[in-house]
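Reader: I have just opened this one and I am new to it. Could you walk me through it slowly?

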Amino acid sequence: MTGYQFRGGDKMLQLFHPDSKFMGILNKIADMMLLNVLFIITSIPIFTLGASITALYTVTLKLSQAEEIYPLREYFTAFKANFKKATVLWMILFIVGGVLTAETWFLILIDLEIKNFFLIIQGGLLLFYLSTLIMAFPLLSKFSTGAIKTLNHAVTIPFNWFPESMALVAINILPLVLTGAVFMVFPSIIMIWGFIGFSSSAYLSSMLWNRIFLKMTKDNP
C-alpha cells in the first residue's frame, strides 16, 4: 500500500513539474487569458484597436510556435512599436467599413426591382472587405511594413492563398456568429470572450498564418 501511494505521489509530482506537458498547457492557458485582458483593455479607446490586434498577433504567432516569450512585455513592445502604422491602417479600414455598411443599409431600405442583384454584389464586397481586414494586422505584426504597403499585401492574400484565406475568415467570423446565435438562450456565453475568446481566435489563426508565412518564404527566398 505504501509503495502504491509513493508511485501515485510520484506521478502527481511529474504531472505538476514545471516542465511537464500538463503545466505547459496550464501556462499557455494563463498566457492566453492575460493576452485577452490586455487586448480588451488596450482596445477600449476604439482608435487603438489596430495596434491592439497587431500586438495580439505578434505574441500569438510566437506562442503558436512554442517560443519562450514574456507575453506582457512582448505585447506592450509590439503595441508601442506598431502604434502609428497600425492606427493609420485601422482608420482606413474603419472608414471603408463605415461606407460599405451605409451602402448595405441603403440597398436594404430602398425599393428597387433589381435590389437583390445589387445586394449580391454588395455581399461580395463585404466579404472581400472582411478578408482584407482579417489579413491586414497579422501581416503588419509579421513584416512591420507601412500601412499602405500592408494594405496592398492584405488585398492580394485572398487571391494568392484562397483556401487559407477563407479558413482564416471562418476562424474569425464563425465564433462571433455562433455567439450571437447562442446569446439569446445563454447570455453568459459572452463571458468567454472576456476571458479567452479573442486570444484563442488569434492563436488558432496564428497556427495557420505560420504555415502561410513559411510557404511565402519558400516561394520568395
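Reader: What order do the elements of the protein chain run in, from the N terminus on?

Author: From the N terminus on, the elements run α-α-α-α-α-α-α-α-α, and the protein chain has 9 helices and 0 strands. Helices (H or I, at least four residues) and strands (E, at least two) are DSSP runs, numbered from the N terminus. This is a predicted model, in which local features need pLDDT of at least 70 and side-chain atom pairs count only at pLDDT 80 or more, while totals for chains, interfaces and linings use all residues. Residues are numbered from 1 along each chain as its sequence is written, and side-chain values use heavy atoms, with hydrogens and water left out.

Reader: How much of the protein chain is buried?

Author: Of the 221 residues in the protein chain, 36% are buried. Buried means under 20% relative accessible area, exposed means over 50%, and partly exposed is in between, with a 1.4 Å probe and protein chains only.

Reader: And what share of the contacts is between residues 24 or more positions apart?

Author: Among contacts with a separation of 6 or more, 73% are between residues 24 or more positions apart; a contact means heavy atoms within 4.5 Å.

Reader: Which residues touch the most other members of the largest nonpolar core?

Author: That core has 42 residues, and Y75, L89, M135, L139 and W209 touch the most other members. A nonpolar core is a set of buried Ala, Val, Leu, Ile, Met, Phe, Trp, Tyr and Cys residues joined through side-chain atoms within 4.5 Å. At least two residues of this core come from each of α2 (21-43), α3 (49-63), α4 (71-81), α5 (83-109), α6 (115-143), α7 (147-160), α8 (162-183) and α9 (190-219), and α3 gives the most, with 8 residues.

Reader: Let me pick Y75, then. What does Y75 touch?

Author: Not counting residues up to four places away in sequence, Y75 touches L35, L38, F39, T42, S52, A55, L56 and V59.

Reader: On to helix packing. How do α3 and α6 meet?

Author: Two packed helices are described by the angle between their axes and the distance between the axes. The axes of α3 and α6 come within 8 Å and cross at roughly 60°, where axes are lines fitted to C-alpha atoms, for helices over the stretch in contact, and angles run from 0 to 180 degrees between N-to-C directions. The two helices α3 and α6 are therefore oblique to each other: angles under 35 degrees count as roughly parallel, over 145 as roughly antiparallel, 65 to 115 as roughly perpendicular and the rest as oblique. G50, I53, T54, Y57, T58 and L61 of α3 make the contact with F137, P138, L140, S141 and K142 of α6.

Reader: What about α6 and α8, at what angle do they pack?

Author: α6 and α8 pack at an angle of about 85°, with their axes 10 Å apart, which means that α6 is roughly perpendicular to α8. Here L127, L130, S131, I134 and M135 of α6 are in contact with S165, L168, V169, N172 and I173 of α8.

Reader: N172 is on that list. Which side chain does the side chain of N172 join in a polar contact?

Author: The side chain of N172 and that of S205 are joined by a polar contact of 3.2 Å. A polar contact is a pair of N or O atoms within 3.5 Å; within protein, one must be able to donate a hydrogen and the other to accept it, and residues adjacent in sequence count only if both atoms are side-chain atoms.

Reader: Where is S205, and is S205 buried or exposed?

Author: S205 is found in helix α9, and S205 is buried because its relative accessible area is 0%. A polar atom of the S205 side chain also lies 2.9 Å from the backbone oxygen of S201. Leaving out residues up to four places away in sequence, S205 touches Y57, L168, I171 and N172.

Reader: Changing topic to the loop between α6 and α7, what is T145 doing there?

Author: T145 sits in that loop, and T145 counts as buried because its relative accessibility is 18%. The side chain of T145 makes a polar contact of 2.6 Å with the side chain of T150. Aside from neighbours within four places in sequence, T145 is in contact with K85, L140 and T150.

Reader: And what is the phi of S144?

Author: S144, which is found in the loop between α6 and α7, has a positive phi of about 50° although it is not a glycine. S144 is partly exposed, with a relative accessible area of 38%.
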